[in-house]
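Please open the structure in your viewer and keep the selection tool at hand. The stops below take you from one region to the next.

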Amino acid sequence: AVRACAQRISAVTDLAALLETMLDAIRAQFGIEHALVLMLDPKGGRLYTVASTGYPNSGVGSEIALGQGVIGVAARERTPIRIGHATSEYLYGRAIREAALREGLPLETEIPLPGLAQSRSQLAVPIEAFGQLIGVLFADSPQDLRFNYDEEDALVAVAGQLGTAIHFLQQTAEAAEPEGSGAPAYAGATSGAAPT
């Protein structure tokens, strides 16, 4: 499954297609129906969603701070985090957020982070390349114990391949820019994604 994902990832030469291909590959190879990719904004210390699959809303452009929640902690600590049972604290936090949204109270971000209302299992894997954090691959499921050690290891390998591919695409984009153009090195994967 990892080899099939790596082969598909290595054949893509466009960032938007790369993210879509990777999400499709993990769905096909691992049966992961709900996943998203977040990229690091190193200047702002935040992660923002650039691609997702399986959720009613894409959430592209939604943000989360380093150290916040499973995704933010996985990014800050640069280690995979796997949760097999949703805790009451997580469900309580989601209920507070949903109540705030219903009441029209302001939240940190205007675009809500996608996620399952009844998430029971979660896996957040840092995306890295050449010692640098690039982002996080996140998956969740309504089933308890959905992700095991083998899937965690496999997604770490896939995230490593993805990180390398993103790095090279960014380097290629930077090299192709006319000198002094001031264009950002990263062009968002889909509309609404913030540049780094």
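Throughout this tour, contact means heavy atoms within 4.5 Å. The model is a predicted one, in which local features need pLDDT of at least 70 and side-chain atom pairs count only at pLDDT 80 or more, while totals for chains, interfaces and linings use all residues. Residues are numbered from 1 along each chain as its sequence is written, and side-chain values use heavy atoms, with hydrogens and water left out.

Begin by selecting Leu18, and then show what surrounds this residue: leaving aside neighbours within four places in sequence, Leu18 is in contact with Ile9, Val12, Leu162, Ala165, Ile166 and Leu169. Leu18 is, with Met22 and Ile26, one of the residues with the most contacts inside the largest nonpolar core, which has 34 residues. Such a core is a set of buried Ala, Val, Leu, Ile, Met, Phe, Trp, Tyr and Cys residues joined through side-chain atoms within 4.5 Å, where buried means under 20% relative accessible area, exposed over 50% and partly exposed in between (1.4 Å probe, protein chains only). Among the elements that give two or more residues to this core are helix 1, helix 2 and helix 5 (149-176); helices (H or I, at least four residues) and strands (E, at least two) are DSSP runs, numbered from the N terminus.

Next, select helix 1 (residues 2-10) together with helix 2 (residues 15-30), which pack at an angle of about 160° with their axes 9 Å apart. Axes are lines fitted to C-alpha atoms, for helices over the stretch in contact, and angles run from 0 to 180 degrees between N-to-C directions. The two helices are therefore roughly antiparallel to each other, a term for angles over 145 degrees. Their contact includes Val2 and Ile9 of helix 1 as well as Leu18 and Phe30 of helix 2.

Now move to helix 3 (residues 69-77), whose buried residues are Val70, Ile71, Gly72, Ala74 and Ala75. These buried residues pack against several strands, including strand 3 (63-65) and strand 4 (81-83).

Just after helix 3, select Arg78, which takes a positive phi of about 55° although Arg78 is not a glycine. Most residues other than glycine have a negative phi. Arg78 is found in the loop between helix 3 and strand 4 and is partly exposed, with a relative accessible area of 36%.

Finally, which loop holds Phe130? Phe130 is in the loop between strand 5 and strand 6, has a positive phi near 55°, and counts as exposed at 58% relative accessibility.

Notes. Angles under 35 degrees count as roughly parallel, over 145 as roughly antiparallel, 65 to 115 as roughly perpendicular and the rest as oblique.
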